[in-house]
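Reader: Please show me the sequence and the structure. I will then ask about the helices and the sheet.

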Amino acid sequence: MYAMVLERCGEKLKMLERPDPAPADGEVRVKVAACGVCRTDLHVVDGELSDPKLPIVPGHEIVGRIDALGRGVGTLKIGMRVGIPWLGKTCGHCPYCLSGRENLCDHPLFTGYTRDGGYATHVVADARYVFPLPESGNDVADAPLLCAGLIGWRSLQMAGAGRRIGFYGFGAAAHIIAQVARWQGREIYAFTRGGDAAAQAFAKKLGAVWAGGSDETPPEQLDCAIIYAPVGPLVPAALRAVKKGGRVICAGIHMSDIPSFPYSILWEEREVKSVANLTRKDGEEFFAVVPQAGIVTQTLPYPLGQANEALSDLRSGKLQGAAVLVP
Ligand SMILES: [Zn+2]
Ligand SMILES: [Zn+2]
């Protein structure tokens, strides 16, 4: 197999040839057809997350077909089309697992962070955390659903049912979740970097009723807002944009420091909440919604060997939609 490997944080990934991994009991090996590039991968590469497994193969938006099985993998079979998400394994017995919050498990493994991920021709996964996908789907188009879609879905659920919803940062996650929000009958307000006319036009094309810079005041007070950009000053900005009782959801795994702000913008029962990881239930719910909402992803494919270029294009903010690596 070939993999793009991060040996030390802050360095470029290197293409390495490795022996084909053998799945242990309870695991499957998947031949990767496509792997999305998520902002979390940038945080791993840049060393912004604590204790990654090193060397590590990043990538947790994996679509492919099973090509080898360990024993005890339930109904999974050779040749099945599957998706592998960020949640790689949970312990099953900590207080969080036992209370339906496996996303907060005390002893988890995360794909592309603490176990090898999908920037590779092959990857091994725990069979219990693999999502069967429809046979007929498009691999590149479906890859971003595995994290941008899934954790985006969890953040949308957490934002509550408010009709006027703001998205701060209009990249891979927002372009998917805006389609879900629109299908739900909500009004979408898109906030981009100041003066980013292309991103604002993209948001309007996807149904936003308003698009502007993150320092602008929207024409209506919002019921809720989701922050997808890893930018701390967006928290007070979003609090100023939501109405009484409004909720601000921070959807990323890492964010720059949040500046201090006056209590008055939090008062009147406004809330700030973060989203961490996903549960398998989130996945089941979201993959049921995908065909109903008619989600169409916008992707930019790169050959696997150009993972470094894909990451730097994501970092520069010039991507519209989602970068996807194709082995
Ligand atoms: Zn646990
Ligand atoms: Zn991700």
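Author: The crossing of H4 and H5 is right-handed; a crossing is right-handed if the near helix is turned clockwise from the far one by less than a right angle, and left-handed if anticlockwise. Helices (H or I, at least four residues) and strands (E, at least two) are DSSP runs, numbered from the N terminus. This is a predicted model, in which local features need pLDDT of at least 70, side-chain atom pairs count only at pLDDT 80 or more, and totals for chains, interfaces and linings use all residues. Residues are numbered from 1 along each chain as its sequence is written, with chains lettered from A and ligands numbered from 1 in the order in which they are written.

Reader: At roughly what angle do the axes of H4 and H5 cross?

Author: Axes are lines fitted to C-alpha atoms, for helices over the stretch in contact, and angles run from 0 to 180 degrees between N-to-C directions. The axes of H4 (residues 148-159) and H5 (residues 172-183) come within 9 Å, and the crossing is at roughly 55 degrees.

Reader: What is the order of strands in the open sheet?

Author: Two strands pair if DSSP finds at least two bridges between them. S10 (residues 164-168) and S11 (residues 187-192), for example, have five bridges in the parallel sense. S12 (210-213) and S15 (271-274) each have a single partner strand, so they stand at the edges. The six strands, with parallel pairing, have the order S12-S11-S10-S13-S14-S15.

Reader: Which residue in S11 is the bridge partner of Ile 165?

Author: S11 pairs with S10 in the parallel sense. The bridge partner of Ile 165 in S11 is Ile 188.
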